[in-house]
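Please keep the sequence and the structure side by side while reading.

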Amino acid sequence: MSDIKIKITDREGVVHEVDAPTDMNMNLMEVVRSYELAPEGTIGICGGMAMCASCQCYVNSDHKLPDLSDDEDAMLAEAFNVKDNSRLGCQIHMTEDLDGLEVELAPES
């Protein structure tokens, strides 16, 4: 098993340093849910299909992420509290390249 360390700031401003597996094809939204860093029913409402923005986060580190897909771009265009560093957590898959990633969960509404 190959884990990476990532820092996730929850919606209350608490920073959590967590281990994220890179060998389970998990995305950031699933990592947040597995550590229960957001109340049930407030993140990943669409199940990770880029059809809601409940898993929107702000990427605060300089990691190179894949380009926005058309679906992710369209969803962020309709979301609230969007910033230049906004991404959907369901579209960020855990890879060894993301070791040290730092993200902040966007406000719920």
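Asn25 is exposed, because its relative accessible area is 62%, where exposed means over 50% relative accessible area, buried means under 20%, and partly exposed lies in between (1.4 Å probe, protein chains only). Asn25 sits in the loop between β2 (15-21) and α1, and its phi is near 55°, a positive value in a residue other than glycine. Helices (H or I, at least four residues) and strands (E, at least two) are DSSP runs, numbered from the N terminus.

Asn81, in the loop between α2 (70-78) and β4 (86-88), has a positive phi of about 60° although it is not a glycine. Asn81 counts as partly exposed because its relative accessible area is 35%. As background, most residues other than glycine have a negative phi.

## Basis of the model

The model is predicted, and local features are taken only where pLDDT is at least 70, side-chain atom pairs only at pLDDT 80 or more, whereas totals for chains, interfaces and linings use all residues. Residues are numbered from 1 along each chain as its sequence is written, and side-chain values use heavy atoms, with hydrogens and water left out.

## Buried polar and charged side chains

Thr42 belongs to the loop between α1 (28-34) and β3 (56-59) and counts as buried because its relative accessibility is 10%. Its side chain is joined to that of Arg11 by a polar contact of 3.4 Å; a polar contact is a pair of N or O atoms within 3.5 Å, of which, within protein, one must be able to donate a hydrogen and the other to accept it, and residues adjacent in sequence count only if both atoms are side-chain atoms. A polar atom of the Thr42 side chain also lies 2.5 Å from the backbone oxygen of Pro39. When neighbours within four places in sequence are left aside, Thr42 is in contact with Arg11, Ser54 and Glu108, contact meaning heavy atoms within 4.5 Å.

Arg87, which lies in strand β4, is likewise counted as buried because its relative accessibility is 10%. Its side chain makes a polar contact of 2.9 Å with the side chain of Glu72, and a polar atom of that Arg87 side chain lies 2.9 Å from the backbone oxygen of Pro66. Not counting residues up to four places away in sequence, Arg87 touches several residues, among them Cys55, Cys57, Leu65, Glu72, Leu76 and Ile92.

## Loop positions and their spatial partners

Glu12 and Val14 are both placed in the loop between β1 (3-9) and β2. Glu12 counts as exposed because its relative accessibility is 66%, while Val14 counts as partly exposed because its value is 42%. Leaving aside neighbours within four places in sequence, Val14 is in contact with Ile8 and Thr9.

Asp97 is located in the loop between β4 and β5 (102-105), and its relative accessible area of 65% is why it is described as exposed. The C-alpha atoms of Asp97 and His63, residues that are 34 apart along the chain, are separated by 7.9 Å.

## The chain as a whole

The protein has two helices and five strands, and from the N terminus on these elements run β-β-α-β-α-β-β. The radius of gyration is 13 Å, close to the 13 Å that the globule rule gives for 109 residues, so the protein is as compact as a globular protein of that length; the radius is taken over C-alpha atoms, and the rule is 2.2 Å times the number of residues to the power 0.38. Along the principal axes, the C-alpha atoms fill a box of roughly 35 × 30 × 25 Å.

Buried residues make up 43% of the 109 residues, and among contacts between residues at least 6 apart in sequence, 61% join residues at least 24 apart.
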